[in-house]
Amino acid sequence: MSYLAVDHDRCILCGECTSSCPFNALILEDKLEILDTCRLCKICIEICPTDALFIKQDSSKKTDISSFRDVLVFAEQRDGKLSGVVFELIAKGRELATKLNQKLYVVLIGSKTEELVEKLSDYPVDGIYIYDHKELSYYRAEPYTAVLEDLISDIRPSIFLIGATQVGRSLAPKIATRQRTGLTADCTFIDVKPNGDLVQIRPAFGGNVMAQIVTPNHRPQLATVRPKVMEQAKPSLDHPTKISYRDIKPQMLQSGIRFVSIEPKLKEVSITEADILVAVGRGLKKAEDLNLIEELAQSLGAMVAVTRPLVELGWAPQTRQVGLSGRTVRPKLFIACGISGAIQHVAGMSSSDFIIAINKDKTAPIFDTCHFGLVGDMYEILPLLIKELREVKTLVAESRWPNA
Ligand SMILES: Cc1cc2nc3c(=O)[nH]c(=O)nc-3n(C[C@H](O)[C@H](O)[C@H](O)COP(=O)(O)OP(=O)(O)OC[C@H]3O[C@@H](n4cnc5c(N)ncnc54)[C@H](O)[C@@H]3O)c2cc1C
């Protein structure tokens, strides 16, 4: 294990390191002292004018893994609602705890948590630890990390499971670093050996291998678990649950992040749900020309989709990309403008009911996929098409179109 050490012969007690330490881990009295809150960020080493600080490796400073036991689950809440993955983690945590003949605990962080505590206590957990404070209503990395550190150093869980949600993916690496332990992210399966080693299984190398990862020398064993891959726990009212509200020290709430407000993201209809798509590729000369594609899409009541190069150019969001590494679409009508028809693109659109392709190169592979092809410059064809569609619309509106 590595730790920060000081060469007292070199240290001139200048205080440069104490004032630069973001964790207040260095104190200057008769001599420089290093506290356990040191996170090995190395800022002090860089700043020390006499090179008195250094990192030391000490193989004798091993974690006493026998002093850790039980399973802890992070009960993530947002806007006062528990995340679905919490119940999946409770089911898995219960299974692991039973196998090891240990206890299952849940930690809940938030404010006005009474209802959530009541709900959690309906499930087969042995204890719920609660940090309740208005400053903890919403996730902020530093306070959440601080309170979890407080709990971990107190109850010393052997296993700590967190949902691989946006919050979990931010929180878990911080806890792992602070505890100097390993973390397996995004597990899809979890088991435990009789000796207490957690077997953390997740896809690796593009899904070609299922890696089994263990953390034999460090505790807690920290894993984030992909939501919806495990069964949810069922309520079990005959299971007694001990409820413990934890003290919150003011320094735990310190944060450089100020919560202002939450703005709900507007839900965009996905291109996978559109009946008509007007898709465009590298035939487009510049981003502004997307207006032309938008205009055609509007006149057809369609959505705009793109090929990957346009996403890479930053001209369109990834949610609009059709193909192997984008979305698979199946609209009634797919109009491909300036798209060559590369296999990776075609894989995402070839099942469309009717495909029209516009390309100035008559040998473009898209013409092997489409039902109707137009060989020509889309900058000439699209304005004509838009004009025709407008005229048809007007005729329909005036009931002058045959069979309108
Ligand atoms: C692992 C991997 C995954 C990939 N996943 C995807 C994916 O999900 N989706 C995807 O789209 N691609 C994907 N690609 C990229 C893919 O291989 C192609 O590079 C890409 O689809 C080509 O996009 P394009 O047709 O827009 O561009 P190009 O291949 O450059 O074709 C442009 C076409 O526009 C025509 N053109 C030019 N000017 C005009 C004009 N004025 N009027 C009419 N036609 C014109 C040209 O003749 C040409 O045929 C992936 C590639 C890899 C390696």
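Trainee: What volume does the largest pocket have?
Mentor: About 1,400 Å³. This is a predicted model, where local features need pLDDT of at least 70, side-chain atom pairs count only at pLDDT 80 or more, and totals for chains, interfaces and linings use all residues. Residues are numbered from 1 along each chain as its sequence is written, and side-chain values use heavy atoms, without hydrogens and water.

Trainee: Which of the residues lining the largest pocket are closest to its centre?
Mentor: Asp36, Thr37, Cys38, Arg39 and Glu149, out of 35 lining residues. Lining means having an atom within 4 Å of a pocket point on a 1 Å grid; a pocket is an open set of points where a 1.4 Å probe fits, with protein on both sides within 12 Å along at least five of seven lines.

Trainee: Which element gives the most to that lining?
Mentor: H5, with 6 residues. Helices here are DSSP runs of at least four residues.

Trainee: New topic. Where is Thr145?
Mentor: In helix H5, residues 141-155.

Trainee: Is Thr145 buried or exposed?
Mentor: Buried, because its relative accessible area is 1%. Buried means under 20%, with a 1.4 Å probe and protein chains only.

Trainee: What is Thr145 in contact with, beyond its neighbours within four places in sequence?
Mentor: Leu171, Lys174, Ile175 and Arg178. Contact means heavy atoms within 4.5 Å.

Methods:
Helix = DSSP H or I, 4+ residues; strand = E, 2+ residues; numbered from the N terminus. Buried < 20%, exposed > 50% of the residue type's maximum accessible area, 1.4 Å probe, protein only. Points joined across faces, edges and corners; volume = space filled by probe spheres on them.
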